[in-house]
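Dear colleague,

I am handing over the structure we spoke of, and my notes on it follow below. Please read them with the coordinates open beside you.

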Amino acid sequence: MLFALPNGRFFLKCRACGTEFEDSLEAVCPECFGPFKVQFDLEKAKETLSRASLEKRKKNLWQAHELLPVRDLKNAVDLGAGWTPLVRAQRLGKILGLDNLWIKNDSVNPSFSFKDRPVATGVARAIELGKKVVSCASTGNLAASTAAYAAKAGLECVVFVPATIEANKISQALAYGAKVLAVNGNYDVANRLANEAADSFGWAALNVNVRPWYAEGEKTLVFETCQQLDWRAPDAVVFPMGSGGLLCEAHKAFSEFEGTGVLGQGEAGKVKFFGAQGFGAGAIVNAFKQGGKVVPIRNPNTIAKSIAMGAPGDGDAALKIIRDSKGGAEDPTDDEIVGAIGLLARTEGIFTEPAGGAALAALKRLAESGKISRGDETVLFITGNGLKTPELVGSQNLVSIEAKLDCVKAVVEGKKALAPIAAVC
Ligand SMILES: *Cc1c(COP(=O)(O)O)cnc(C)c1O
Ligand SMILES: [Zn+2]
């Protein structure tokens with residue numbers, strides 16, 4: 001059943017049994033416990049959505065609202081997320097042997113990760129469905145973003161995080177006024193508890209019962225990228241993967257843009273999808289390399305904590321997209337990830353957290369092995385900000401000195417430039 005709406009038509013559809021629902025905050029299909037997906041009536045969307053109409057609108061996250069799940073744009077809480085820079089990465093590209101490399105720098109969103117996109121649509125739906133408390137389980141970035149949006153919307157917020165996550169990520173959620181529950185256990189343990197709590201207390205849990213609505217916001221990353229590329233789809237895209245959800249939504253975004261005529265025929269189908277996880281937390285990558293389905297990892301262990309999920313919820317769906325598109329997947333080590341953070345910062349002036357480092361380290365492997373070739377127009381998605389994990393920056397270039405010109409001279413002359421203060425001056 002479809003509904004006449006001011007801003008497009010959408011409904012929930014069970015991916016297993018196909019039953020359709022208008023509005024629901026159930027975590028799974030009540031008929032068969034299958035997962036939900038949001039579907040848009042693309043014919044209806046086409047009536048108002050086009051390159052020309054998009055170009056006339058404000059450049060914000062709600063620009064292509066025909067393809068976003070909000071019944072009334074008044075409920076679109078706006079922190080100013082989205083429309084982040086797409087920059088040409090010539091210096092980095094040269095080092096990697098890629099002539100056509102772009103970086104979508106999503107580390108500069110209001111809460112400093114791409115999570116502001118899904119949280120924007122998730123919170124809008126939570127409001128429309130009458131919820132007063134929003135919650136989530138998070139490896140840090142989702143917690144910060146949920147807390148920020150809850151603050152702006154005047155909702156209460158409870159976040160569950162593994163007690164081992166980085167201190168800055170906890171500080172951020174605390175600052176926005178969320179109740180932060182640091183759970184003794186890894187992400188998967190915190191997630192199970194968050195599930196139970198949302199069920200018992202009737203909360204809107206962003207990554208559980210709001211998840212289908214939440215996920216749709218991730219598409220905006222690709223919508224913008226296509227527009228920034230003058231309405232082309234790139235040849236290759238590289239995403240960090242936690243649950244694999246972002247990569248799946250990116251795929252949905254290309255096909256919806258093609259399905260509404262915003263992208264030309266065949267554009268969506270030409271994109272090769274590449275995914276990155278940290279070594280030790282690479283359930284999806286392992287399945288890609290070994291064949292077969294995703295097998296959960298009991299104790300995921302990588303420096304890229306924001307994408308460290310042992311049981312990636314959208315893992316098999318992401319895997320299928322990667323395989324079908326003739327893409328690939330890599331799981332760089334901690335050392336490669338830290339090296340990539342430095343490389344990106346030094347060559348392109350972009351400071352990312354380990355999830356972005358993992359994506360770049362994966363791209364480096366893919367370029368070296370020829371899976372992404374020199375001429376491929378490639379977009380690297382940098383999804384989180386380096387100020388979230390400042391402890392990972394090396395201090396080799398730090399020299400402490402007395403406030404004397406002689407000391408500067410000693411450093412400039414390079415005699416003992418990298419020695420500690422006592423030895424330099
Ligand atoms: C959540 C997150 C991802 C991955 O998202 P999934 O949808 O879980 O695959 C990537 N990068 C950063 C920085 C994130 O916070
Ligand atoms: Zn069903």
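Grid points are joined across faces, edges and corners, and a volume is the space filled by probe spheres set on the points. This is a predicted model, in which local features need pLDDT of at least 70 and side-chain atom pairs count only at pLDDT 80 or more, while totals for chains, interfaces and linings use all residues. Residues are numbered from 1 along each chain as its sequence is written, chains are lettered from A and ligands numbered from 1 in the order in which they are written, and side-chain values use heavy atoms, with hydrogens and water left out.

Cavity and pocket

Searching the whole structure turns up one cavity of 30 Å³ or more, and the space in this largest cavity comes to about 70 Å³. Helix H9 (residues 219-228) contributes the most to its lining, with four residues; helices (H or I, at least four residues) and strands (E, at least two) are DSSP runs, numbered from the N terminus. The residues around the largest cavity include Leu 54, Trp 83, Phe 223, Glu 224 and Phe 257. By class, this lining has seven nonpolar, four polar and one charged residues, where Ala, Val, Leu, Ile, Met, Phe, Trp, Tyr, Cys and Pro count as nonpolar, Asp, Glu, Lys and Arg as charged, and the others, Gly among them, as polar.

The second largest pocket has a volume of about 330 Å³, and among the residues that line it are Val 338, Arg 346, Phe 351, Leu 392 and Asn 397. Its lining consists of six nonpolar, five polar and one charged residues.

Strand E10

Strand E10 (residues 236-240) is mostly covered, since five of its five residues are buried, buried meaning under 20% relative accessible area, exposed over 50%, and partly exposed in between (1.4 Å probe, protein chains only). Ala 236, Val 238 and Pro 240 lie on one side of E10 and Val 237 and Phe 239 on the other. E10 pairs in the parallel sense with strand E11 (residues 272-276) over five bridges, and with strand E13 (residues 378-382) over three bridges; two strands pair if DSSP finds at least two bridges between them. Val 238 stands opposite Phe 274 in E11, and Ala 236 stands opposite Thr 378 in E13.

Cys 226 is buried, at 0% relative accessibility, whereas Cys 17 is partly exposed at 39%.

Phe 33 sits in the loop between strand E2 (20-21) and strand E3 (36-40) and is exposed at 66% relative accessibility. Phe 112 belongs to the loop between strand E5 (101-105) and helix H4 (116-128) and is partly exposed, with a relative accessible area of 40%.

With best regards

How values were computed
On a 1 Å grid over the protein atoms alone, a cavity is a set of points where a 1.4 Å probe fits but cannot get out, and a pocket is an open set with protein on both sides within 12 Å along at least five of seven lines; lining residues have an atom within 4 Å of a point.
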